[in-house]
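Welcome! Let's walk through this structure together, one question at a time.

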Amino acid sequence: MKTTRRDFIKITSMGAGGLAIATTPLLNWIPGFLKDDSEIPDDATLKRTATYCEVCFWKCAAWTYTDKKGKIVKLIGNKDDQQSNGRLCPRGTGGLGMYYDNDRLKKPLIRRKGKRGETDYFEEASWDEALDLIADNMQRIKEKYGPECVALFSHGSGTSHFAHMLKAFGSTNIAAPSYAQCRGPREVGFDATFGESVGSPEPLDIRNTKCMVLIGSHIGENMHNGQVQEMSQAIENGATIITVDPRFSTAASKSKIWLPIKPATDLALLLAWIHIIIYDELYDKKYVKKYTYGFEQLKNHVKTFTPEWAATETGLDPNKIRDAAYEMGHASPSVIVHPGRHVTWYGDDTQRSRAIAILNALLGSYGKRGGFYIAEKFKIPKYPHPPYPKPKRTWRDAFPGSYKLVNEVISSGVCEATIPNKMINEEDTCNFKAWLVYGTNLISSLPDISNTLDAINHLEFIAVIDTMPMEITGWADVVLPEATYLERYDMLRVLKHRKPSVALRAPATKPLYDSKPGWWIAKQIGERLGLHEFFKFENIEEELDWQLKKIGSSLEEMKKIGVKTFDRTYDDLYYRDGEDLEFNTNTGKIELYSTAMAEEGYDPMPVYTKHPQAAPGYYRFIYGRAPMHTFGKTVNNPYLFDLMDENSVWVNPKVAKEWDLKNGQKIWLKNQDGIIATFPVKVRITERIRSDSVYVVHGFGHNNKKMGLKRSDGRGMSDTEMITNVMNDKISGGTGMRGNFVTFLSEKPTKKQTV
Ligand SMILES: Nc1nc2c(c(=O)[nH]1)N[C@H]1C(S)=C(S)[C@@H](COP(=O)(O)OP(=O)(O)OC[C@H]3O[C@@H](n4cnc5c(=O)[nH]c(N)nc54)[C@H](O)[C@@H]3O)O[C@H]1N2
Ligand SMILES: Nc1nc2c(c(=O)[nH]1)N[C@H]1C(S)=C(S)[C@@H](COP(=O)(O)OP(=O)(O)OC[C@H]3O[C@@H](n4cnc5c(=O)[nH]c(N)nc54)[C@H](O)[C@@H]3O)O[C@H]1N2
Ligand code: SF4
Ligand SMILES: [Mo]
C-alpha cells in the first residue's frame, strides 16, 4: 500500500500500535488529535529533543524525535505541559512539514534592481553581504531621520531577538498583527473593566465550568489546544455550551443553545442579556455589591434593551435569548462568557468586548472556579546589558490624542504612519522609512492590501526574515532565510497559567540549506550596528543557561525535561469568598461604568450601533479557521496540505438556488468595491451558514509562485483580497474586517486584480 502523507501524520502521531485518535468526544471530531507520549514506541535508536511548537502562538511543549542520521521522524506533545497535556493538534504533529518543505527559503536574497514587487531581480547572496546591507541601511536611516523611523513587524517566538536589537538601536516601534488585527479590542475592553487585559492564554477555567458562552469564538475549528481539551472535558461533565454564530460551527454542533445571529448585531444580544440578568435578578448580588462600580448607571442604561428589542436587531427568537441568559444565571459564578480572540469585526469591538467583560462581572465569574482563574507567571531575569536608549519619538506621535487606552503598538498605525499623507499629524516628521518584517506575512494579515503596498512603496528599505517565500518576501529588498523552529534555539517560553512554567526549544538537527536561527541573525545585525554591549553572550546557549540558573534550573536540566513547572506564590487559584480586593482601575473596583473610557470621551457603557447589512445580490463576507491550518503559513506544508489543500466558499442552499450554483462549482467572488478575487473558489452548499452571509477559511489563495511558493499556489481564494472596507475601532485601533460584502461571478473575469 502506498503511504500517503496523510497516513504519515497518523503513523507518526500514533506510534507503531496507535489506533484510536483520542478518547474524548470533542477530540474525535478533529482529525489527527493525538494521545500522549505513551504511544511512542520504545525505540532506543531515536533521540528526543525538547521544543515548543511554532505552528501557532499557543506554543505547546513537545519532543522532536530524530533518528541516527539526524532525520526528524516525529513530534509528540510533552505530557508535563499545561498548554498541551501531552497532545499536539494536527498542525503541531504536521509541524515537521515545515522542516521538510522543499519550497523553503534556502539562501539570503537581494533584489539587485527593479522596483519592489518585481521578483525577477532577486539574486542569491552571502550572509555577510545581506547582513551588511541591512545594517548599512539601518545606520543610514538613523543618521538621516533618527532610529525611530525604523519599525519592526513581528509575530512568533523569534520576535524577542529582533525586538531586543531594535530597542538597543533606539526604536520601540515594534508591532504585531496579532494586536490590531486580532486581540486588541478585547484587551482594551477587559482592561477598562477589570484593570487588566485578558492576555494569552486566556485564564479560563473551562474544565470546571458549568456554562460557557462562545460569541463567534469557534473553538474546535480554532484549535486552542488546552481549551479544546478542557471544553471536551466540560461537555462530558454536563456543562452547557451556548454558541452565538451565524454559522453552525463545530462548537455550535456541541451546544445546548445555538443562536444563529444576524452578523454585526452581537452587541444588541449582549445588552439584552445584561438587561435580563439585572432585571430578573440573576446576577451575583454579593459580588456585584462588593467589587463593582456603576451598577445603578448600568441598570438604567440597559433598561430598554429587552429580549424583544434585541430580537428585532439580531433575528433571534426572544425566548431563546432569555433561555440563554437563565442558563448563565443559574450556572453563576461557574460560567464563562468567552472573551474570544480574533475580535476585530465591526469597529465597535472594544465596546462589544466591554459588554462581554460586564456580563462576566455581573455573573461573578471573574476570579472564580469555573470562570476565570488567577493565572501566574514569573519574571525571568534578562542577560545583563546597558539600558536601552530612550527614543525621542514613537508611532503615537503620528496620532496625537488617540489610542490612549492602548498598551501595544498598532500595526496598521505604523503602516498608516509610513504613508505621509495618511498621518493625522501631518507636521510630524516621524513617518517610517524602513521596516524589518519577521515572521508575519503582512500582505495577507493586514486588511486593505492596496494600503499595505502603498506603505511598502513609500519605504526606503525593507528586509524580511521568514522561513518560506511568502507574499511579503516578494516586496522586500533583502530576504533572510530563517531556520525552522525544529532546527534552532529560541528564548524560553515563559507561560502564565494555573502554575507558572518555562519550556525550552533546542535544535533537533542542523539547519537545512543556508538557513540560520533568528537569535544569530539579530546578533549579527546588532554587532554590525556597533551594539556589542547588548550582545555580550557568545551564543544563545550561554544566555539560556545564565537565565535558567537564576531560576534554579540549567540548560542541561531543561534539555532532559523540556518543561519545568513551579509552585504558585499566591496559593489560591480563585478569589476567596468575600476577600477584599483592589482592581487596577481608577475606582479600584470592577468598572461596569468605565471612568477611563469616560475620561477619554468614549461611551462609558456600551452603546449599540446599527451596521449596514448586505445590499441586494450581495452577502456578508465572513471568514475563520480550519483545524488543520494556521492562517496561510501552513498551506504549503506538505503534510497539512494533504489534509486540506484549498478552501471553499460556504453558501446557503437558498442562495445557491437563486444563483443556480452547484456544489464544487468554481466561482469568483467580487466585493462591494469591485475587487475580484485573483483565484476562483469552489462552492460548498450547506445549511450551516445563514442566507445573508458566505464563509471562507482564511489563509488560502497564495500567489507567490515566482518566489518559489509552489505547492499552495492558486489553491482556493484569499479572504484578505475581499477586505477593502476596514471599520476602524477608534478606541483600540482594531481594524474591523467583517464589513465587506460579496457577490458571485460564474465566468472567469477578464480584468484580474493581482497582488
Ligand atoms: N486551527 C487554527 N486555530 C487557530 C488559528 C488558526 O489559524 N488555525 N488562529 C489562531 C488565532 S491567531 C486566533 S486570533 C483565533 C481566532 O479564533 P476565534 O477568536 O474563534 O475567531 P473569529 O475569527 O473571531 O471567529 C470566527 C467565527 O466567527 C463567526 N462570525 C462571523 N461573523 C460573526 C458575527 O457577526 N457574530 C458572531 N457571533 N460570530 C460571527 C464565524 O462564522 C466563525 O465561526 O484562532 C486561533 N486558533
Ligand atoms: N484576512 C484576514 N486577515 C487576518 C486574519 C484573518 O482571519 N483574515 N487573522 C488575523 C489574526 S487573528 C492574526 S493573529 C494575524 C496573524 O498574522 P501573521 O502572523 O502575519 O500570520 P501569517 O500570515 O500566517 O504569517 C506568518 C508568517 O510567518 C512565517 N513563519 C512561520 N514560521 C516562521 C519562523 O519560524 N520564522 C520566521 N522568521 N518566519 C516564520 C510564515 O512563513 C508567514 O510568512 O492575521 C490577522 N489578519
Ligand atoms: S495548538 Fe497545535 S499548532 Fe498550536 S502550538 Fe499547540 S500543537 Fe502547535
Ligand atoms: Mo489572532
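Q: What area is buried between domain 1 and domain 2?
A: This is a predicted model, in which local features need pLDDT of at least 70, side-chain atom pairs count only at pLDDT 80 or more, and totals for chains, interfaces and linings use all residues. Residues are numbered from 1 along each chain as its sequence is written, chains are lettered from A and ligands numbered from 1 in the order in which they are written, and side-chain values use heavy atoms, leaving out hydrogens and water. Buried area is the accessible area (1.4 Å probe) that two parts lose on being put together, summed over both. Carbon and sulfur atoms give 67% of the area between domain 1 and domain 2, and the total is about 1,500 Å².

Q: Which residues make up domain 1, domain 2 and domain 3?
A: Domain bounds come from an automatic or database domain assignment. Here the assignment gives domain 2 as 181-375 + 573-599, domain 3 as 619-745 and domain 1 as 5-100.

Q: How many residue pairs are in polar contact between domain 1 and domain 2?
A: A polar contact is a pair of N or O atoms within 3.5 Å; within protein, one must be able to donate a hydrogen and the other to accept it, and residues adjacent in sequence count only if both atoms are side-chain atoms. For polar contacts, with both residues at pLDDT 80 or more, the count is six residue pairs.

Q: Which helix gives the largest share of the side of domain 1 that touches domain 2?
A: Helices (H or I, at least four residues) and strands (E, at least two) are DSSP runs, numbered from the N terminus. On this side of domain 1, α2 (25-28) and α3 (90-93) each supply at least two residues. The largest share, three residues, comes from α2.

Q: Which two parts of the chain does the aromatic pair of F194 and Y366 tie together?
A: Rings of Phe, Tyr and Trp (its six-membered ring) pair if their centres lie within 6.5 Å, with planes under 30 degrees apart counted as stacked, over 60 as edge-to-face and the rest as tilted. F194 and Y366 are stacked, at 3.6 Å centre to centre and 10° between the planes. They are 172 residues apart in sequence, so the pair ties together helix α7 (residues 177-194) and the loop between α15 (349-362) and α16 (411-416).

Q: How far apart in the chain are E460 and R140?
A: E460 forms a salt bridge with R140, with the closest N and O atoms 2.9 Å apart. E460 is in the loop between α18 (449-458) and β14 (461-466), whereas R140 is in helix α5 (residues 127-145), and the two are 320 residues apart.

Q: What is the omega of the peptide bond from S332 to P333?
A: P333 lies in the loop between α14 (318-331) and β12 (335-337). The bond from S332 to P333 is cis, with omega near 5°.

Q: Which residues does F378 touch, beyond those up to four places away in sequence?
A: F378 is in the loop between α15 and α16. Its C-alpha atom and that of V494 are separated by 7.7 Å, although the residues are 116 apart along the chain. With contact meaning heavy atoms within 4.5 Å, F378 touches V494, P500, V502, I551 and F566.

Definitions and conventions. Salt bridge = Lys/Arg side-chain N within 4 Å of Asp/Glu carboxyl O.
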